Amino acid sequence: MDEHRIGLKPIRRPVWAPTGQPLTCPVQPGYEWLYVYAFANPESGESLFWLIPVVNKQAYVAVMAAFARMVGASADHRVLVVQDGAGFHVPPDDGHPEGIQTVTLPPYSPELQPAERLWALTDVPIANRAFDSIEEVELALSERCVWLEAQPDLITQQTLFHWWPLLAN
């Protein structure tokens, strides 16, 4: 599980251009943001995405509860969530939803977080583009996230590290 801030500030990526031809990239910086919360199972490639307007403890609790419902977490079906140590990754006073257990990665270790590799995939439809409103960004991202949820092989290719412990039945 991880979250990613995206907004009107352009995401620039290298592109190929014919030799001798000028290359332009539209830039119209703005300062409105939304956040992509993502969960990925590196082994199966299953993924779930949420687009949320804020990143804080209340949003974290709401997304974690929605995730628990969607995966059917319960006393009989336990789910382990690997997350970074962000300050708002704090469960409510009554704890995480039933069936959810979290493991927090060491500080400054994004290379250990499989979900960090999802951002290159989510950014594809918005890279090197300028948007007039955050709603346009949200529409492009929501279409991309729906598509990514249907691409388990692509998610596995990006998130299943060689050292990741595989499920043993």
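Modeller: Let's start with the whole chain. The protein chain has four helices and five strands, where helices are DSSP runs of H or I with at least four residues, strands are DSSP runs of E with at least two, and both are numbered from the N terminus. Starting at the N terminus, the order is β-β-β-α-β-β-α-α-α. This is a predicted model, in which local features need pLDDT of at least 70 and side-chain atom pairs count only at pLDDT 80 or more, while totals for chains, interfaces and linings use all residues. Residues are numbered from 1 along each chain as its sequence is written, and side-chain values use heavy atoms, leaving out hydrogens and water.

The C-alpha trace spans about 60 × 35 × 30 Å along its principal axes. Of the chain's 169 residues, 38% count as buried (under 20% relative accessible area; exposed is over 50% and partly exposed lies in between, using a 1.4 Å probe and protein chains only).

Now for the open space you asked about. A pocket is found on a 1 Å grid over the protein atoms alone, as an open set of points with protein on both sides within 12 Å along at least five of seven lines; a cavity is a set where a 1.4 Å probe fits but cannot get out, and lining residues have an atom within 4 Å of a point. Grid points are joined across faces, edges and corners, and a volume is the space filled by probe spheres set on them. The largest pocket holds about 880 Å³. Its lining has 30 residues, and those nearest its centre are Ala-40, Asn-41, Pro-42, Val-79 and Leu-80. The elements giving two or more residues to this lining are S2, strand S3 (47-52), helix H1 (57-71) and strand S4 (79-83). S4 supplies the largest share, with four residues. Sorted by class, the lining has 21 nonpolar, six polar and three charged residues. Here Ala, Val, Leu, Ile, Met, Phe, Trp, Tyr, Cys and Pro count as nonpolar, Asp, Glu, Lys and Arg as charged, and the others, Gly among them, as polar.

For orientation, look at strand S2 (residues 33-40), where Ala-38 lies. Ala-38 counts as buried because its relative accessible area is 0%. Setting aside residues up to four places away in sequence, Ala-38 touches Met-1, Asp-2, Leu-48, Phe-49, Ala-115, Leu-118 and Trp-119 (contact means heavy atoms within 4.5 Å).

Phe-49 is also one of the residues in contact with Thr-122, along with His-4, Leu-141, Arg-144, Cys-145 and Leu-148, when neighbours within four places in sequence are left aside. Thr-122 belongs to helix H2 (residues 119-122). Thr-122 is buried too, because its relative accessibility is 0%.

The largest cavity has a volume of about 50 Å³. Its lining is made up of Gly-7, Leu-8, Lys-9, Pro-10, Ile-11, Ile-126, Arg-129, Ala-130, Phe-131 and Val-137. By class, seven of these are nonpolar, one is polar and two are charged.

Asn-128 is in the loop between H2 and helix H3 (134-149). Asn-128 has a positive phi of about 60°, although it is not a glycine. Most residues other than glycine have a negative phi.
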